Every structure is written in structure tokens, then in C-alpha cells.
Amino acid sequence: MASVGSSAEASASVAGRRLVLLFAVLQFTLLLDYMVLMPLGAALMRDFDIGPARFGSLVGVYTLASALTSLVGGRWIDRGDRKRTLLALYAGFVVATLACGFAGQFGELLVARALAGACAGLMNATMMAMIADRIEPERRGQAIGTIMSAFGVCAVIGVPSGLGLAALGGWRIPFLAVAALSALWWLRLYRALPRSPVRVGAGRGSLRSPALALGWVLSFCIVFAGFLIVPYLGAHLNGTLGVDLRDLSWIYLCAGLATFAVARGIGRAVDRFGAAGVLAVLMVASIIPHLWLTQLQPGPLWQTTLVFVLFMALTSTRSIPALVWLIGRVPPPLRGRYMAVNTASTEAASGLAAWYAGLMTGGDGAVLQHFERVGWLAAGVTCVSLCLLAGLHRFGASKGASTTTTDCLTPVARAES
């Protein structure tokens, strides 16, 4: 009997690792589609005869559509088989990305980017719900860390490859390449992804619990703090600190490699020490590069690289323990809807943070002014996040047997203790 149990456990572990790898490549294609647009700005503005503001709308409409559809379509994720939901959304994403490559007018490209963002937002929520359904709490940190490490791979391999294709054949080629890669991976998911029916009771229950609602606020604050700085990193490094564009590509390469390595390590640390503790350490540690980078003056390239790598590695990996900690406190029948609203919260945070940071900073030519104010605000919001985390952790400990989360709080509480 013991051998049968251990065999079943080993089989489940292998199935879990296979699911994580499938989702890691899927996440890579989603990130590649999002990230490849930004370096193509000059070519798009020239071909469509548009200014920076209209190009910015191509970036903004992606996140806006993701946020809106996550709010409206979240209930759909908790109905029926999540595999079919994910495949339907991924098919829409492939069509939208293909439409980007064939867009003949700016309006067509704008609509295609909106459709891609709408599908991507719900796909991320569906992936996280499936991970929570099929991966044991004590292994979720490593699973989500592996999926999130796709950001580093995309920065190191994906974006430079996309830019190389654009240099050879124009800005349309990267979108067509992403669409082709995504279509091939859709076929792989269709064959290899296990069915994932929603558990009995789907559609029942409420997300009105104060603890669940405050979880969205925590996610909002974590992303808001980071995106006060992230959209202006290129301008700060190149314009204010005088980093040459050729050196900038190497700095991003170093940051991508570091993020990939740190994400895997953070995932393992979450499973060993608990998500709440790792998240608290990361938030405290990230305050240092937030303040250091935004107040940095022109100096040696190694110093700029060190600060930038610390910023990216610590800031971008905070979402790993945050997701593990939050999703473990949601009943299985509500996970899809909860993660959909969480996606909407983080997308709104990134857009609002970029807009507000733009109001706080000024510029004299290419040089950003008052950028240090943004760093202090990011540090302050991170401190608010720490207070929220502490309050939610105490609330969860005192309400461990709450009827709204009975079916998932107990094992997660054990995994995080």
C-alpha cells in the first residue's frame, strides 16, 4: 500500500512538472508579444505617421483591455473545463497577434492590440487557477517561480531575437513570428494539457470577504510601487545617467539573466520558508534599489548595472510569493474569478502608476527631473504593502477555520507556517 501511494505521488509530481513547463512556455509567448512592441516604436511611428502619444496608446490599450475583460469575464473561468477556456482564449490571442502583423492602418493595429490584451489577461488568471487546482500548496512557489522566470528568458532571448527579425524584414515580422510560435504551442497544449474541470460548487460563493478584497489592494500596491519607476527606466539610464544605447542592451541582458535565476530561487524559498515571510523580505529589500536607482547620478557603468540588476531582480520577483500567498486563501470554486479581478487590479495599478509618475517628473531635453520623488513614493507604497500583508496574515491566522475558505485555508496555512 505504501508503494502504491508513493507511486501515485510520484506520478502526480511528474504531471505537475509537465504542467508547469507547458505554462512557462505559454507565459513566454504572452510576454514576448507584450514586450516586443516597445522597441518597435520608431518604426511604427514612421510607418503610420503617428506621434509618441498615439504610440503610447498601443501600449495602454493592451493593459486597459486586459483589466476590463478580467473584470467582466472572470466568472467564465469558473464554469466548465478550464482547459477549453484556456485554449479558446489562446486561439483569440493568436488571431489578434496575427492581425497585428497584417494591420494596414493604425486603427486596425489598435484594435488588434486590444484583443490580444483582452485574451492575455484572462489567460493569466486561468493559468493561476489551474496551478492552484493541480499543484500542492507546498510546491506552488517553485511552480509559479518557474512560470515567472519566463520574463528573464524573454528579456535575454525573445526581445533581441524579435528586434533582429525586425531589422531584417520590418516591424511586422516579429508579430508574425510570435503568432506562428503561439499557434504551434496551441497545438502542443491541445494534445498535452490535462482536462481541468472546475470542482463541484463552481459559481457559488462570494468574493465579498474583507480579507479577499484586501488581497486585491495588496496586489495593487505591490505593482503600483514598481511601475512608478519601470516605464521610465530607459529614459533615466540613457538620458539622465548618460548610458549609451549599446551599453543599455547589455545592462538589460544582465538584468534578464539575474531575474531568471532569482525567480527560480524565490520559488524554492517560498516552498521552504512560506510565502508571507519571503514576500516581506523582498518588499523590504526592494526599497533599497528603488531609492538608490532614482537618486543615482552619472558614474561608472558597473555601478549603474549593479543597481539596475538589483532593481529588476527584486522588484519583478515580488509577484511570485504574492500570488502563492493570495491564491491559497481563495476557495477552489472562486479561484478563476478571484484571479481575474486580481489581474484587473494589477493592470490598473501599472497604468495609474505610469501616469502619476509622469505627472511627478519633469524633463529638460532627455534628462528626467525630480525622479527621486518617484523613488520615495515607491518606497512609501511598499511600506503600506507591508502593513497590509501583516494585517492580512494576522487575519488569516485568526480566521483559519473561516467558512468562506474552509476547503483551502487549512493546508495553505500549514504550508506557510
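**Close-up 1. Surroundings of tyrosine 190 in the predicted model.** Not counting residues up to four places away in sequence, tyrosine 190 touches Lys83 and Leu87, where contact means heavy atoms within 4.5 Å. Tyrosine 190 is found in helix H8 (residues 172–192), helices being DSSP runs of H or I with at least four residues, numbered from the N terminus. Between tyrosine 190 and lysine 83 the C-alpha to C-alpha distance is 8.3 Å, although 107 residues separate them in sequence. This is a predicted model, in which local features need pLDDT of at least 70 and side-chain atom pairs count only at pLDDT 80 or more, while totals for chains, interfaces and linings use all residues. Residues are numbered from 1 along each chain as its sequence is written, and side-chain values use heavy atoms, with hydrogens and water left out.

**Close-up 2. Packing of helix H9 against helix H15.** Helix H9 (residues 210–227) and helix H15 (residues 335–360) pack at an angle of about 30°, with axes 8 Å apart; the axes are lines fitted to C-alpha atoms over the stretch in contact, and angles run from 0 to 180 degrees between N-to-C directions. The contact involves residues of H9 including Trp216, Phe220 and Phe227, and residues of H15 including Tyr338, Leu352 and Ala354. By class, the contact of H9 with H15 has 13 nonpolar, six polar and no charged residues, with Ala, Val, Leu, Ile, Met, Phe, Trp, Tyr, Cys and Pro counted as nonpolar, Asp, Glu, Lys and Arg as charged, and the others, Gly among them, as polar.

**Close-up 3. Alanine 354 and its contacts.** Alanine 354, placed in helix H15, is in contact with Phe227, Pro231 and Tyr232 when its neighbours within four places in sequence are left aside. Alanine 354 and phenylalanine 227 lie 127 residues apart in sequence and 5.9 Å apart in space, C-alpha to C-alpha.

**Close-up 4. Salt bridge between arginine 113 and aspartate 33.** The side chains of arginine 113 and aspartate 33 meet in a salt bridge at 3.1 Å, N to O, the term requiring a side-chain nitrogen of Lys or Arg within 4 Å of a carboxyl oxygen of Asp or Glu. Because arginine 113 lies in helix H5 (residues 106–134) and aspartate 33 in helix H1 (residues 2–35), the pair ties together parts that are 80 residues apart in sequence. By this rule the count comes to three salt bridges.

How values were computed: Helices (H or I, at least four residues) and strands (E, at least two) are DSSP runs, numbered from the N terminus.
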